[in-house]
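Here are my notes on the model, point by point. Please read them with the coordinates open.

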Amino acid sequence: MIVPEKRTRAAFAPENMTRFYGGLADPIRLIDIVQENTNTFIVNYHYATKSSVCNGRAAITTTMRDGRNYIQGIRALNGC
């Protein structure tokens, strides 16, 4: 669901995302989502690695292409 041009960047590469999120001690869980404007959503989420816990918040920017929504950007709002 990431825009195709960003899938080659390390943070968004499918194999890197699978490696990180697939190895979590507590899988990522969406807690809440609020639409801020047409293309921006604020999400709250939780996950844990073997050494830390993240109760995160992020701004997700989307874009519509060929009738489908894609994630354009993800900006962490609280450090994780």
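1. β1 and β2 pair in the antiparallel sense over eight bridges. Pairing here requires that DSSP finds at least two bridges between two strands. Val34 stands opposite Ile42 in β2. Two residues lie between β1 and β2 in this hairpin.

2. **Basis of the model.** This is a predicted model: local features need pLDDT of at least 70, side-chain atom pairs count only at pLDDT 80 or more, and totals for chains, interfaces and linings use all residues. Residues are numbered from 1 along each chain as its sequence is written, and side-chain values use heavy atoms, with hydrogens and water left out.

3. **Overall layout.** The protein chain has one helix and four strands. Along the sequence the pattern reads α-β-β-β-β. Helices (H or I, at least four residues) and strands (E, at least two) are DSSP runs, numbered from the N terminus. The C-alpha atoms fill a box of roughly 40 × 25 × 20 Å, taken along the principal axes. Of the 80 residues, 29% count as buried. Buried means under 20% relative accessible area, exposed over 50%, and partly exposed in between (1.4 Å probe, protein chains only).

4. Met64 stands opposite Asn69 in β4. The two strands form a hairpin with two residues between them. In a regular strand the side chains alternate between the two faces of the sheet.

5. **Check the turn.** Most residues other than glycine have a negative phi. Asp66 sits in the loop between β3 and β4. Asp66 counts as exposed because its relative accessibility is 83%.

6. **Salt bridges.** How many salt bridges are there? The count comes to two. The rule asks for a side-chain nitrogen of Lys or Arg within 4 Å of a carboxyl oxygen of Asp or Glu. Side chains of opposite charge can pair when their charged atoms come close.

7. **Arg65 with Glu5.** The side chains of Arg65 and Glu5 meet at 2.8 Å, N to O. This pair links distant parts of the chain: Arg65 is in strand β3, Glu5 is in the segment before α1, and they are 60 residues apart. Arg65 has a relative accessible area of 29%, so Arg65 is partly exposed. Glu5 is partly exposed too, at 43%.

8. **Asp26 with Arg29.** The closest N and O atoms of Asp26 and Arg29 are 3.8 Å apart. Asp26 is partly exposed because its relative accessible area is 26%. Arg29 is partly exposed at 41%.

9. **Largest pocket.** The largest pocket has a volume of about 740 Å³. Of the 25 residues that line this pocket, the closest to its centre are Tyr21, Ile28, Ile60, Ile71 and Ile74. α1, β1 (26-37), β2 (40-48), β3 and β4 each supply at least two lining residues. β4 gives the most, with five residues.

10. **How the pocket was found.** The search uses a 1 Å grid over the protein atoms alone; a pocket is an open set of points where a 1.4 Å probe fits, with protein on both sides within 12 Å along at least five of seven lines, and lining residues have an atom within 4 Å of a point. The volume is the space filled by probe spheres set on the points, which are joined across faces, edges and corners.

11. **Nonpolar patch.** Phe20, Tyr21 and Ile28 make a nonpolar surface patch of about 270 Å². Patch members need over 30% relative accessible area and no salt bridge; nonpolar side chains (Val, Leu, Ile, Met, Phe, Trp, Tyr) are joined within 5 Å, like charges within 9 Å. Areas come from the Shrake-Rupley method with a 1.4 Å probe, and for residues only the protein chains shown count as cover. Phe20 lies in helix α1 (residues 14-22). Phe20 counts as partly exposed because its relative accessibility is 37%. Tyr21 and Ile28 are also among the residues closest to the centre of the largest pocket.

12. **Two distances to check.** Gly23 is in the loop between α1 and β1. Ile33 is in strand β1. The C-alpha atoms of Ile33 and Ala76, 43 residues apart along the chain, are separated by 14 Å.
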